[in-house]
Amino acid sequence: MVQAYILIQTEVGKARDVATAIQDLSGVVRVDAVTGPYDVVVLTEARSVDELGKLIVSKVQMVPGITRTLTCSVVHL
């Protein structure tokens, strides 16, 4: 399994709507609204890097209210 955190910036006042929409997507493990430079942090998992990329580009980034995403892959040291 491949895991990644997606750090999401949203339009002002849209963090709750974005978090609610994302939590029901397949591959999403956890969604948290946070403070700071990002508004929502999402833990995702997929069977491959390609599947993870499709989840991010085809599903997560299509959620209304998102202005920017940053994906951080989990590594096991």
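T10 is found in strand 1, and at 12% relative accessibility this residue counts as buried, because buried means under 20% relative accessible area. The model described here is a predicted one. Leaving aside its neighbours within four places in sequence, T10 is in contact with A15, V18, D39, V40, G65, I66 and T67.

- Four strands make up an open sheet in the order 2-3-1-4, and their pairing is antiparallel.
- Strand 2 (28-33) and strand 4 stand at the edges with a single partner strand each, so one side of each has no neighbour in the sheet.
- From one strand to the next, the twist averages 20 degrees.
- Strands of a sheet pair through backbone hydrogen bonds, either parallel or antiparallel.

**Strand pairings**

- Strand 1 is joined to strand 4 by seven bridges, the two running antiparallel, and within strand 4 it is T71 that stands opposite I6.
- Seven bridges also join strand 1 to strand 3, again in the antiparallel sense, with V41 of strand 3 as the bridge partner of L7.
- Strand 2 and strand 3 pair antiparallel over five bridges, and A33 stands opposite V40 in strand 3.
- Strand 2 and strand 3 also form a hairpin with six residues between them, and in the turn G36 has a positive phi of about 115 degrees.
- Six of the seven residues of strand 3 are buried, so this strand is largely enclosed by the rest of the structure.

**The nonpolar core**

- The largest nonpolar core has 17 residues, and those with the most contacts inside it are I8, V18, I22, V42, V60 and I66.
- Strand 1, helix 1 (15-22), strand 3 and helix 2 are the elements that give two or more residues to this core.
- I8, when its neighbours within four places in sequence are left aside, is in contact with residues including V18, I22, V42, V60 and I66, and also with Y38, D39 and R68.
- In soluble globular proteins, nonpolar side chains tend to be buried together.

- L52, L55 and I56 are buried in helix 2 (residues 49-59), and because they cover an arc of only 90 degrees around the axis, they lie on the same side of the helix.
- What covers the buried residues of helix 2 includes strand 1 (2-10), strand 3 (40-46) and strand 4 (66-73).
- D50, K54, V57 and S58, on the other side of helix 2, are exposed.

Notes. Residues are numbered from 1 along each chain as its sequence is written. This is a predicted model: local features need pLDDT of at least 70, side-chain atom pairs count only at pLDDT 80 or more; totals for chains, interfaces and linings use all residues. Side-chain values use heavy atoms; hydrogens and water are left out. Buried means under 20% relative accessible area, exposed over 50%, partly exposed in between (1.4 Å probe, protein chains only). The arc is that of the directions from the helix axis to the C-beta atoms. Contact means heavy atoms within 4.5 Å. A nonpolar core is a set of buried Ala, Val, Leu, Ile, Met, Phe, Trp, Tyr and Cys residues joined through side-chain atoms within 4.5 Å. Two strands pair if DSSP finds at least two bridges between them. Axes are lines fitted to C-alpha atoms, for helices over the stretch in contact, and angles run from 0 to 180 degrees between N-to-C directions.
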